[in-house]
Amino acid sequence: MDSLKIAVLPGDGVGEDIVPDVLPVLDRLAEIHGSVKFDWRRYDWNCRYYLEHGEMMPADGLDQLSDHDAIFLGAVGDPARVPDHISLWGLLIKIRREFEQVLNIRPAKSLKGIRSPLQDGNSFDFVVVRENSEGEYSQIGGRLGTGADEIAVQNAVFTRKAIERAVRYAYQLAASRAKKVTAATKSNGIIHTMPFWDEISQQVAQEDESITFDLQHIDALAANFITKPHTYDVVVASNLFGDILTDMGAAMMGSIGVAPAANLNVNGKWPSMFEPVHGSAPDIVGKGIANPMGQLWTAKMMLEHLGYEDMGEHLLGAIEAVLADGVKTPDIGGTATTGEVIAAVNAEIGS
Ligand code: NAD
Ligand code: IPM
Ligand code: MN
């Protein structure tokens, strides 16, 4: 039987409330399917670790993580005690960058049993392919001057290689879905990077005419998400645009607590990392009401990535059945606790 060595990083906040309790569900799923077992290795690297050690992970932390089949992460950030630029760049973004997790795949679709803020009947099913390595999230820039003359500059960096890679991936994904790719742009207002983005995405688009392609300005696209979400299949976006669109996608489903994500390493050199779209939710931590569905759906993406599609489908089926049954945390209109939702998914999986 295969054994999967998975690095488990609950991280901060609700990550610690959810992640440890999700693992037995996955063990049970593995037991039922009988083809694999999990070798969970837990790493408590988070803001508490930072306050004790002065760094978010040990100096050889990346080396330790590199020797795993995947990384399963909760969330990072405890902004009341550690500034976000320290915690995020010291752990989450460091892993994404160093392990060349260059794409962030974030699906969103209407779910039965959750009231979406969208008009009734506006059902949707799309995936955002977020460029995850560069763009607006560059380390180039700085602050200059003082007082009223102080300025801050951030240089967005776009490479041909990364744009091509993101658009090609979107095309591959669309080929197995509804055959439509929308690229998010802002070439009417951003004069250096976005026309370059348009040019390269149009070049990639010309390679496969079986897929419908269009470019939409990010502002209009954001509005269209609300008014005609059913018109999207695969949306490819830069790092920051993708970040914002995927919180929108989460909200359209009913809560950020249900949205999953996969940070993919596509050159096979390093493990990929699976973490939900939401953050550490400091406002609800420790209350037992954090929605575990985003983390569970993220586990489904991890299983799929590792080649266990049948287990992934089984898990997503259980998630959808539990939501349809009305076992829900308060963010999506229910009264169940985190533990009750996880127990319901566990029961739904069967034996
Ligand atoms: P957040 O996603 O943590 O919270 C936004 C809102 O959504 C809050 O009201 C929160 O209670 C709610 N929410 C989030 N997850 C939920 C869940 N599972 N169930 C129910 N409700 C949920 O975003 P924020 O408040 O902007 O950030 C808090 C911290 O998390 C910051 O330090 C931020 O940088 C960090 N963050 C980390 C990640 C990550 O690790 N991937 C992602 C986003 C934010
Ligand atoms: C996300 C988060 C991160 C991002 C933050 C915490 C740096 O918002 O994973 O969506 O912007 O990528
Ligand atoms: Mn985000």
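**Notes on the model**

1. The chain holds 11 helices and 12 strands; helices here are DSSP runs of H or I with at least four residues, strands are runs of E with at least two, and both are numbered from the N terminus. Please keep in mind that this is a predicted model, in which local features need pLDDT of at least 70, side-chain atom pairs count only at pLDDT 80 or more, and totals for chains, interfaces and linings use all residues. Residues are numbered from 1 along each chain as its sequence is written, while chains are lettered from A and ligands numbered from 1 in the order in which they are written.

2. Overall dimensions: the C-alpha trace spans about 55 × 50 × 40 Å along its principal axes. The radius of gyration of the chain is 20 Å, in agreement with the value near 20 Å for a compact globule of 351 residues; this radius is taken over C-alpha atoms, and the globule rule is 2.2 Å times the number of residues to the power 0.38. Of the 351 residues, 46% are buried, where buried means 20 or more other C-beta atoms within 10 Å of the residue's own, exposed means 12 or fewer, partly exposed is in between, and C-beta atoms are placed from the backbone. Of the contacts between residues at least 6 apart in sequence, 75% join residues at least 24 apart; a contact needs C-beta atoms, placed from the backbone, within 7 Å.

3. The domain assignment gives domain 1 as 1-102 + 261-351 and domain 2 as 116-253, with bounds that come from an automatic or database assignment. Six residues of domain 1 are in contact with seven residues of domain 2. On the domain 1 side, α4 (84-98) and β4 (101-109) are the elements that give two or more residues. That side divides into two nonpolar, two polar and two charged residues, counting Ala, Val, Leu, Ile, Met, Phe, Trp, Tyr, Cys and Pro as nonpolar, Asp, Glu, Lys and Arg as charged, and the others, Gly among them, as polar. The C-alpha centres of the two domains are 25 Å apart.

4. Leu111 is worth a look, in the loop between β4 and β5 (125-131). Leu111 counts as buried because it has 20 C-beta neighbours inside 10 Å. Leaving out residues up to four places away in sequence, Leu111 touches Met253, Gly254, Val258, Glu320 and Leu323. Leu323 is 212 residues from Leu111 in sequence, yet their C-alpha atoms are 7.8 Å apart.

5. Which residues of α7 (residues 218-227) are buried? They are Ile218, Leu221 and Phe225. These cover an arc of only 50° around the axis, so they sit on the same side of α7; the arc is that of the directions from the helix axis to the C-beta atoms. The buried residues pack against β8 (180-185), β9 (212-217) and α8 (239-253), whereas Asp219, Ala223 and Thr227 are exposed on the other side of α7.

6. Around ligand 2 are Leu88, Ile93, Asp243, Val277 and Gly279, each with its C-beta atom, placed from the backbone, within 6 Å of the ligand. This shell divides into three nonpolar, one polar and one charged residue.

7. Finally, please check two backbone angles. Lys179, in the loop between α5 (160-175) and β8, has a positive phi near 60° without being a glycine. Lys179 is partly exposed, with 15 other C-beta atoms within 10 Å. Ala281, not a glycine either, has a positive phi of about 45°. Ala281 is in the loop between β12 (272-274) and α9 (293-305) and counts as buried, with 22 C-beta neighbours inside 10 Å.

Technical notes
Contact = placed C-beta atoms within 7 Å.
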